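Let's walk through this one together, starting with the fold as a whole and ending where the chains meet.

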Amino acid sequence: MSPAERLELYRQMVLIRRFEEKCAEMYALAKIGGFCHLYIGEEAVAVGAISALRPDDYVLSAYRDHGHCLAKGADPKRVMAELFGKRTGLCKGKGGSMHLYDVERRFMGGYAIVGTHVALAAGVAFGLTYRRQDQIVLCFFGEGAVPTGIFHEAMNIAALWKLPVLFVCENNRYGMGTPVERASAIYDIAKTALAYDMGHSTVDGMDVLAVRDAVGRIVAEMRRAPRPYFLEARTYRFMGHSMSDPAHGHYRTKAEIDEHKKRDPIPLFGQRLIESGEADADRLRAIDAELQAVVQEAVDFADQSPPAAPEELMTDVLA
Amino acid sequence: MPELLYREALNHALREEMRRDERIFLMGEEVGFYNGAFKVSKGLLDEFGARRVIDTPITEAGFTGVGIGAAMVGLRPIIEMMTFNFAILALDQIVNNAVKIRYMSGGQLSIPLVIRGPGGPSRQLAAQHSQSLESLFCHIAGLSVVAPATPRDAKGLLKSAIRQNNPVIFIEGQELYSTKGDVPDGDYTIPIGRAEIKREGSDVTVIAWSKMLLLALRCADQLAADGISVEVVDLRTLKPVDYDALLGSIRKTGRAVIIEEGWEFCGVGAQIATDLYHRAFDAFDAPIERVTGFEVPIPYAKHLEQQALPTAERVIEAVRKTLYR
């Protein structure tokens, strides 16, 4: 991996961070509506994992999907326009925050009924296998999806049929306000894969290089001998479940969040780049400034775009 | 024209379409090695192999989701529900994914998908295996719902359903699989959204679909003996409804009876009656009568089961009521 590639990982994480911070701002201004789930704190998972894929590999996500969509290469302008409900949005303003799609970049959607898109991911992999193609499907979901029935149906089918799906569990410790210990009978979520005789491991989800290395190794093996794999990325969300609830309060303390922020994936990786001499603080600040401009440009684009078209209400129902 | 069983006609449709288009595959419980719980997929595994005729674990939600995912990358799945009773387990996949992915993505994707299998109350199978669920599916924006009654319609409509680029719910009559009828040779299609007059008449229009078509035709015979001329319209597609065909008949007769095996409240017939009044209030000489199943789970005991469902007596009474005699 070249220094330029490493800087690119840093760049993508900062892009997502600044993008999400701007979303919070725009939500407060009511430019963004509905439910809006921010990815702040979890950036290393999407960026590390997706950077290990080929551009023609497929990604599906749950409803906390801005980060995955951006990491897959979507134009921040069109993502922001979608959140603003504008006709220039990725989905013409019909999908919104929880349902981003950029099919050209093989980002196959964000899904908001917990666990259900895991079966779709198995289906995409089935389709690729059927067509004798060699792409991988990467499916992101939270640890809250693991106890659902559909998740287990999909795991069983993927293992039974040796489908090339990498299940990436983003274990951010909370399903909304319920800690994993109160929702899952097992704490080591990755062990779920044992029930399906599926390869599994756990990775530090705050370490972008660790995630990238793990996914790179798994994907290389999957392409050689297609079969699913379960990777649990231990991460943490710094914000509330959505924009509708505070970061801390009745279910976790500020002190707990502060403790996790000591391992904020962005400064963690930035420090490593500085220590290795690949970048200095000025270079990282310049990257930050550059990405703040990119995000501001996205907001300006979204602001200036025309609203979702009334004549589009009834289109795209049927092909 | 050769005579075929309803199940054979469906089998021919599957076989011909799978020969025509390699993107089509059949997936479901017991569709392969077992040759289908109702033998609709008989011989397909032999002809097309396990790549295209795929036995699944008992996971309706799971394999429906897999079908939708496969459609997202350009395949044309046919998902078999061993019976539509089990499709309830897959309802989230149908309601939240199959019919919404195109819209949510702003038209970036389409989901050509047929979900097919037997439906309707049947032979003392009791409450959980015996019911009419078509109105559930008709309620969902973006779904087409088809329920053919004859072998000819079954083949022609299944071929049309497979060629659609959108999700189609295709409900086969569980009690119709062994019925016989003339089926044209080779490739033909019957368009989705077209009803058909199965018996011409002039006094009353009786609207029915699937197994209830047979009941309607029996009642029409009986009523003819009493000098009442019944026109029987087979809806064939429940959504979208062919209002032109229904109105054409009602403008002639001025009266209508809708037979539905399912429950009355929010039934398919309720919607059709509302729409017919809105479109042709002036055409009616009597209120529309509905004959439906009663609002109970289907009982096991044979005589209770019969009592719960539309009977010839109730249909004949309804027809007479529209004629005030």
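In chain A, 76% of the contacts with a separation of 6 or more join residues 24 or more positions apart; a contact here means C-beta atoms, placed from the backbone, within 7 Å. This is a predicted model, where local features need pLDDT of at least 70, side-chain atom pairs count only at pLDDT 80 or more, and totals for chains, interfaces and linings use all residues. Residues are numbered from 1 along each chain as its sequence is written, while chains are lettered from A and ligands numbered from 1 in the order in which they are written.

Of chain A's 319 residues, 54% are buried (20 or more other C-beta atoms within 10 Å of a residue's own; exposed means 12 or fewer, partly exposed in between). Chain A holds 10 helices and 8 strands, taken as DSSP runs numbered from the N terminus (H or I, at least four residues; E, at least two).

Now zoom in on H7(A), residues 208–224. Its buried residues are A:Val208, A:Val211, A:Arg212, A:Ala214, A:Val215, A:Ile218, A:Val219 and A:Met222. They cover an arc of only 165° around the axis, so they sit on the same side of H7(A); the arc is that of the directions from the helix axis to the C-beta atoms. The face turned away from the buried side of H7(A) carries exposed A:Ala220 and A:Arg224. Among the elements covering the buried residues of H7(A) are helix H1 and strand E4 of chain A.

Finally, 33 residues of chain A are in contact with 34 of chain B. H5(A) gives the largest share of chain A's side, 10 residues.

Notes
Expected span 1.5 Å × (residues − 1). Contact = placed C-beta atoms within 7 Å.
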